[in-house]
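Please read these notes with the model open beside you. Each point takes up one topic.

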Amino acid sequence: MREILDCDVAIVGGGIVGGSAALFLRRMGLSVTLLERDWCGAKASGVNFGGVRRQGRPLEQLPLSQRAHAIWGRLPELIGTDAEYIRSGHLKLARSAPDLQALIDYRERSAGFGLDLEIVEGEAFRRRFPALGDRALGGSLCPEDGHANPRLVSPAFARAAAALGAVVREQTPVDRVERDDAGRFVLLSGEGLEVRATHLLNTAGAWSRRVADAFGEPVPLVSLHPNMAVTEPLPRFLDVNIGVEGGGVYGRQVPRGNMVVGGGRGFALDPDRARPQRDAMLSLMHDAAELFPQIRHAHVIRCWTGVEGYTPDRNPVIGPSRTTPNLFHAFGFSGAGFQIGPAVGEALAELIRDGRSSAPLDAFRIDRFPPTTITTP
Amino acid sequence: MSGLRPVIVGAGPAGIRAAERLVAAGLRPTVVDEAARWGGQIYRQPPDGGFTRPKSALYGFEAGKADAVHQAMAAIRDRVDYKPRTLAWNCEDRALDLLGDGVSETLPFSHLILATGATDRVLPFPGWTLPGVFTLGGSQVALKFQGCAVGRRVAFLGTGPLLYLVAYQYLKAGVAVAGVFDTAPFDGQLRAAPGMLRDPATLAKGLLFVGWLRAHGVPIHNNVRPLRAEGTERVEALVWSRNGREERTVCDAVAFGLNLRSETQLADLAGCRFRFNEMDRAWLPERDAAGRSSVPGVYIAGDGGGIAGADAAELGGERAALALLEDAGLPVEADRVAVLDRRLARVAAFRRALSAAFPFPEDWASSIADDTMVCRCEGVSAGTLRAVATSGQAREINRAKALTRAGMGRCQGRMCGAATTELLARALNAGPGDVGRLRAQPPIKPLPVAAGRPSDEAAS
């Protein structure tokens, strides 16, 4: 017996984008079915570093990022948990004069967006951030950025959507997706489930190509694997979430005292799974101990990675398909989808309800990648 | 000879017998072991220097076997690359990552024999985190390696052959044994006797321990359920029940464990396929009768692939080495293979008998109070785990880990994984094989940050 679900919107992928889209669509009164192959929020949305950061994003992302910032401020009301979200501040370090200049330039360019960036340098820097000593010339502080526990946040969006009446099916891979003669979408999972929907959201993260392929939509997406490690709990020495201009290592200390650090890449075991890579783990430990000597005598208790979808220009694809009416994409966040995710979900809901989003999405159109330029790995 | 680079992880009975067989075939294996001296957990040797207790005192009835295993390794010492005090913390792309003397090195292998052994299976009970509560294995290590006891008056709690062995070893070392508290019913042990008879030596040994303990006035109780360990600064008493009657036994230490659990993380990282084993109530790497895993060139020997004890480990280690030689196209003595295969076939029956004699206390997961700590590293209680299961948030153990942190701390689930599995299964009205298994991640044990090194790119 095949179960048939009929709804306004079908969503493929229950990460933070799909989960928040489901939540906002339900709040608008649309009927939603969310299909997740694994558990909601178990992939990149749930295993990322946990930085909730606007600072450093390309300017075109900042309007969405600002909207996300407001959503993060309402987490308990929206999803029933604060998910260990703390507005600790995000401090981006400059370890050379040109890097400090780059931070100053970014502060100027982003001045109109409300990040309230503050450049701290020299003696003032050392006084204010004694834990970082002289390992940076200075930094740019975004006081209201912070960090959260991704393992708690991301599943909670889908759960909140379900509580408002969204049909959320986990362990439910989409095996086939097509359009019927009336232009409605038909999704099949095994022999047992058929979902019919007017609109389709492709929020399948690094696996979004599979949905796009079904509609002849070339997608420039590759999978990469951030390398992360966590130490045993240590006395608190760091409040702010730390990044470094020019990349490299990043770190945050959670209230329990564990230091979470990231840098380098893991490797793919297969298209669905990845694992930390030995040289990346060892060099991350080395680099992190150099930046945070406080962890020098600690142990790393766990390393992990995930599978993230990257685009060539490191901006996501958000918006309507160029091949198929009523199909919308949101993927390719290129390692930076966690903070912005809830606002993307909200923008997708607006797109479906109103045909347009109140946040500018032009920079994220899929047709910025001419099909002929897209090579599929 | 040849380009073979066989590596053996573990220098217990399985690892040593494997090494011995490879050396006999002219190979030079690398033997990696966490301990300072070979012998494994069961035949652990005291540290060099100062410790002069004879083997008969250290190992009791097992002294002969311990000595034989020790001698076997001593005899091939010059023909193996022996790396003591070395942790294999990762396996990636047919190479191990080893930590020794604070430095990490990568060791490629052509063939890998995992003889990683086992640790105690721990099922928490109220008060188990009090100072003075130890695992059985930990208590044995204290005695054999550090030459000290975990207390002056020790209660032995749980089930399995180790329960009686360690109690015997403690009594023999002059420590007061407050009692042996076996969760298994005595009739189970009688029922299992026919199976045990397939291995009369083991049966006799077990009876000897029990008889010896009784003769020395040690009370032995069956069908016991621990209620709590009591004490303020440390354990002062074990409160337990039998047939609904509550009793209190004064002691200053509790040694407890419910059989053993296999150490399987390296097999997981090596890519071996796992299967749930009903007898061990654990996911184990699949292996054929000779010890071949699902990954060509990777072999599993001894308790690391399922709990069968030290004698079986010796057989399994040698058999895995012979399988390696066969697979490498080297000659092996067919007669020896046949002998080992025959003996190993008997091990399976013995395993069933052991499991019947020392059954898992199936009522544990439903009886344990909500406020009992299950994951010590992260402070996760039984109630928290039950709540994520019954609320529908977690139907699988990795999900429960993500939501509650159980298994996320220093031990990475090595200590709390079995208990977490049982709790989730019970809360979900499922079997322990239905809630998935914790995925291994490197490092399999905590790795000092100081072992880090600059990336090759930066160095060049």
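1. How exposed is N326(A), and how many other C-beta atoms lie within 10 Å? N326(A) is partly exposed, with 17 other C-beta atoms within 10 Å. The scale works like this: 20 or more other C-beta atoms within 10 Å of a residue's own make it buried, 12 or fewer make it exposed, and anything in between is partly exposed, with C-beta atoms placed from the backbone. N326(A) sits in the loop between β21 (317-320) and β22 (327-331) of chain A. Its phi is positive, about 70°, although N326(A) is not a glycine.

2. A word on the source. This is a predicted model, where local features need pLDDT of at least 70, side-chain atom pairs count only at pLDDT 80 or more, and totals for chains, interfaces and linings use all residues. Residues are numbered from 1 along each chain as its sequence is written, while chains are lettered from A and ligands numbered from 1 in the order in which they are written.

3. Now look at chain B. N429(B) also has a positive phi, near 60°, and is not a glycine. N429(B) is exposed, with 9 other C-beta atoms within 10 Å. Helices (H or I, at least four residues) and strands (E, at least two) are DSSP runs, numbered from the N terminus. Most residues other than glycine have a negative phi, and most peptide bonds are trans.

4. Chain A has three assigned domains: domain 1 (3-50 + 151-219 + 315-373), domain 2 (90-143) and domain 3 (226-305). The bounds come from an automatic or database domain assignment. The C-alpha centres of domains 2 and 3 of chain A are 21 Å apart. Across this pair, 11 residues of domain 2 contact 11 residues of domain 3 (C-beta atoms, placed from the backbone, within 7 Å). On the domain 2 side, β4 (90-94) and α5 (97-109) of chain A each give two or more residues. The largest share, 5 residues, comes from β4(A).

5. Finally, the cores. A nonpolar core is a set of buried Ala, Val, Leu, Ile, Met, Phe, Trp, Tyr and Cys residues joined through C-beta atoms within 7 Å. The largest has 146 residues, and V154(B) is among those touching the most other members. Helix α5 (residues 161-172) of chain B gives the most, 9 residues. Beyond four places in sequence, V154(B) contacts residues including Y170(B) and C251(B). A second, separate core of 110 residues includes L117(A) and I113(B).

How values were computed
Contact = placed C-beta atoms within 7 Å.
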